[in-house]
Amino acid sequence: VIVQLDLYRARMARGWTLRDLAQKTGISPTTLHRYESWQRSPRMDDLYKIACALDVTICDLLPDVKPYR
């Protein structure tokens, strides 16, 4: 099962390139591209790094997930 991230929208809202996000997360641009294009699911540690770099929650990156309240 591939986890679909709404990563492209979040990245573009900041005007960042894949290289910009890669520098902020330590994740290679190739891996980030695979996450964006839904070719690969992110590891939890990468998902956390991406969310922190973008200043969003992990739930914000998972469009079909709503936080439990």
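Two residues count as in contact when they have heavy atoms within 4.5 Å of each other. With that in hand, here's a quick tour of this predicted model. Take contacts between residues at least 6 apart in sequence: 54% of them join residues at least 24 apart. The protein has 69 residues, and 32% of them count as buried. It is built from five helices and zero strands, so the pattern along the sequence reads α-α-α-α-α.

**The nonpolar core**

- The largest nonpolar core has 16 residues.
- Those with the most contacts inside this core are Leu5, Leu7, Leu32, Tyr35, Ile50, Leu54 and Leu61.
- At least two core residues come from each of α1 (7-13), α2 (18-25), α3 (29-36) and α4 (44-54).
- The top contributor is α4, which gives four residues to this core.
- As general background, nonpolar side chains in soluble globular proteins tend to be buried together.

**Helix α2**

- Leu18, Leu21, Ala22 and Thr25 are the buried residues of α2. They sit on the same side of α2 because they cover an arc of only 105° around the axis.
- The cover over these buried residues includes α1, α3 and α4.
- Turn to the face of α2 pointing away from that buried side and you'll find Arg19 and Gln23, both exposed.
- At the N-terminal end, Thr17 does the capping, with a side-chain oxygen 3.3 Å from the backbone nitrogen of Arg19.
- Just past the other end, Gly26 takes a positive phi of about 80°.

**Thr25, a buried threonine**

- Thr25 belongs to helix α2. With a relative accessibility of 9%, Thr25 falls under the 20% limit and so counts as buried.
- A polar atom of the Thr25 side chain lies 3.2 Å from the backbone nitrogen of Ile27.
- Setting aside neighbours within four places in sequence, Thr25 is in contact with Leu32, Lys49, Ile50 and Ala53.

**Helix α4**

- The buried set in α4 is Asp46, Leu47, Ile50, Ala51 and Leu54. Their arc around the axis is only 135°, so they lie on the same side of α4.
- Helices covering these buried residues include α1, α2, α3 and α5 (58-61).
- Met44 and Tyr48 are exposed on the other side of α4.

**Loops and positive phi values**

- Some background first: most residues other than glycine have a negative phi.
- Trp38 isn't a glycine, yet has a positive phi of about 60°. You'll find Trp38 in the loop between α3 and α4.
- Trp38 has a relative accessible area of 40%, so it counts as partly exposed, between the 20% and 50% limits.
- Asp55 is another non-glycine with a positive phi, this time about 55°. Asp55 follows α4 and is placed in the loop between α4 and α5.
- The relative accessibility of Asp55 is 68%, which is over the 50% limit, so Asp55 counts as exposed.
- Gln39 also lies in the loop between α3 and α4, and its relative accessible area of 52% makes Gln39 exposed.
- The Gln39 side chain makes a polar contact with the side chain of Ser37, at 3.1 Å.

Key: Residues are numbered from 1 along each chain as its sequence is written. This is a predicted model: local features need pLDDT of at least 70, side-chain atom pairs count only at pLDDT 80 or more; totals for chains, interfaces and linings use all residues. Side-chain values use heavy atoms; hydrogens and water are left out. A nonpolar core is a set of buried Ala, Val, Leu, Ile, Met, Phe, Trp, Tyr and Cys residues joined through side-chain atoms within 4.5 Å. Buried means under 20% relative accessible area, exposed over 50%, partly exposed in between (1.4 Å probe, protein chains only). A polar contact is a pair of N or O atoms within 3.5 Å; within protein, one must be able to donate a hydrogen and the other to accept it, and residues adjacent in sequence count only if both atoms are side-chain atoms. The arc is that of the directions from the helix axis to the C-beta atoms.
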